[in-house]
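Me: I would like to learn how to read a model of this kind feature by feature, beginning with the general idea each time and then turning to the case at hand.

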Amino acid sequence: VQLQASGGGLVQAGGSLRLSCAASARTFNNYAMGWFRQAPGKEREFVAGVSWSGGSRYYADSVKGRFTISRDNPKNTDLQMNSLKPEDTAVYYCAADQFGLGDSGGSYDYWGQGTLVTVSS
């Protein structure tokens, strides 16, 4: 069972990117999904999460109003990122939580390989 993140790249400040996380198995239909990021020299942090049904969504304060998480069971969990800032530069990871809500406190058991987002000023 694997998660494959894609969609990263180089964008100017104020621009947009859409990240996608594809699951290799239908198993993840019933998992909460989350996006995390890790900037150079910093700890990994929660960005956004969504419940298994898609009915509940959670965001870090730093991205509220700019990022939107969505899922299309059984296929992808996407992260639409608008109004990007240089401080959004990081490697972004998608992750799956079997028993969680999709919030920052979940136990994410499965992780994708990461996709790099670079925002230039």
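This is a predicted model: local features need pLDDT of at least 70, side-chain atom pairs count only at pLDDT 80 or more; totals for chains, interfaces and linings use all residues.

Me: How many helices and strands does the chain have?

Reply: Helices (H or I, at least four residues) and strands (E, at least two) are DSSP runs, numbered from the N terminus. Here the count is zero helices and 11 strands, and the order along the sequence is β-β-β-β-β-β-β-β-β-β-β. The radius of gyration is 13 Å, close to the 14 Å that the globule rule gives for 121 residues, so the chain is as compact as a globular protein of that length; the radius is taken over C-alpha atoms, and the rule is 2.2 Å times the number of residues to the power 0.38. Along the principal axes, the C-alpha atoms fill a box of roughly 40 × 25 × 25 Å.

Me: What percentage of the residues is buried, and what share of the contacts joins residues at least 24 apart?

Reply: Buried means under 20% relative accessible area, exposed over 50%, and partly exposed in between, with a 1.4 Å probe and protein chains only. By that scale, buried residues make up 42% of the 121 residues. A contact means heavy atoms within 4.5 Å, and among contacts between residues at least 6 apart in sequence, 58% join residues at least 24 apart.

Me: Which strands pair with E5?

Reply: Two strands pair if DSSP finds at least two bridges between them. Strand E4 (residues 32-38) runs antiparallel to E5 and is joined to it by five bridges, with Phe46 of E5 as the bridge partner of Phe36. E5 is also joined by three bridges to strand E6 (residues 57-59), again antiparallel, and there Ala48 has Tyr59 of E6 as its bridge partner. Each of these hairpins has a glycine to look at: with six residues between E4 and E5, Gly41 takes a positive phi near 75°, and with six residues between E5 and E6, Gly54 takes a positive phi near 85°.

Me: Is E5 itself mostly covered or mostly open, and why does Val50 count as buried?

Reply: In a regular strand the side chains alternate between the two faces of the sheet. Strand E5 (residues 45-50) is mostly covered, five of its six residues being buried. Val50, which is found in E5, counts as buried because its relative accessibility is 1%. Leaving aside neighbours within four places in sequence, the residues in contact with Val50 include Ile69, Arg71, Thr77 and Leu101. Met33 is also in contact with Val50; these two are 17 residues apart in sequence and 5.4 Å apart in space, C-alpha to C-alpha.

Me: Which strands pair with E8?

Reply: Strand E3 (residues 17-23) and strand E8 (residues 76-81) pair in the antiparallel sense over six bridges, and Ser20 has Asp78 of E8 as its bridge partner. Strand E7 (residues 67-72) is likewise antiparallel to E8 and joined to it by six bridges, with Gln80 of E8 as the partner of Thr68; the hairpin from E7 to E8 passes through three residues.

Technical notes:
Residues are numbered from 1 along each chain as its sequence is written. Side-chain values use heavy atoms; hydrogens and water are left out.
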